[in-house]
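Dear colleague,

Please find the structure below, handed over for your records. My notes on its strands follow.

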Amino acid sequence: GILKSMSHAGVENVDVIKRMYVNFNIQELSVELCGDNTDDPIVSLAAVNTHILMKLLPDEDVTKAYVTLHDLVCDDRRMGSADRTFRRMIGKANEGHAARNRSRAELHDSE
């Protein structure tokens with residue numbers, strides 16, 4: 001859109017508002033969200049083949065983001081959860097099962 005305004009001196013300002021689209025393709029993404037500082041981790045996220053599309057729409061006064069995360073893993077990193085057995089909040093349900101089966105197969109092959 002085009003915005004026109006008149007200054008008090010009679011000068012006409014013409015502002016051309018443009019939309020901006022930013023497209024990110026990230027092969028491996030890792031993010032750690034922290035509290036007050038980096039010594040206060042809360043949660044860590046990791047994913048592969050991440051796609052982020054950002055739309056900056058100043059004419060609507062809106063910024064939108066569309067995110068696709070493949071094989072997302074989310075772990076609880078809070079200090080109080082350090083001694084917990086299960087810190088994984090989001091992840092493949094069969095990840096541990098597959099690792100156990102692989103270990104059993106390796107043991108069987110070595111016999």
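**Strand pairing and sheet order**

A hairpin of six residues connects strand 3 to strand 4. Strands here are DSSP runs of E with at least two residues, numbered from the N terminus, and two strands count as paired if DSSP finds at least two bridges between them. The model is predicted: local features need pLDDT of at least 70, side-chain atom pairs count only at pLDDT 80 or more, and totals for chains, interfaces and linings use all residues. Residues are numbered from 1 along each chain as its sequence is written, and side-chain values use heavy atoms, with hydrogens and water left out.

Strand 3 (residues 20-34) and strand 4 (residues 41-57) run antiparallel and are joined by 14 bridges. Within this pairing, Phe24 lies opposite Ile52 of strand 4.

Strand 4 is also joined to strand 5 (residues 62-76), again antiparallel, by 12 bridges. Here Leu53 faces Tyr66 of strand 5, and Met54 has Ala65 of strand 5 as its bridge partner. The hairpin of strand 4 and strand 5 has four residues between the strands, and in it Asp61 adopts a positive phi near 55°.

Together, four strands form an open sheet in the order 3-4-5-6, with antiparallel pairing. Strand 3 and strand 6 (88-90) are at the edges with a single partner strand each, so one side of each has no neighbour in the sheet. From one strand to the next, the twist averages 25°; axes are lines fitted to C-alpha atoms, and angles run from 0 to 180 degrees between N-to-C directions.

With kind regards
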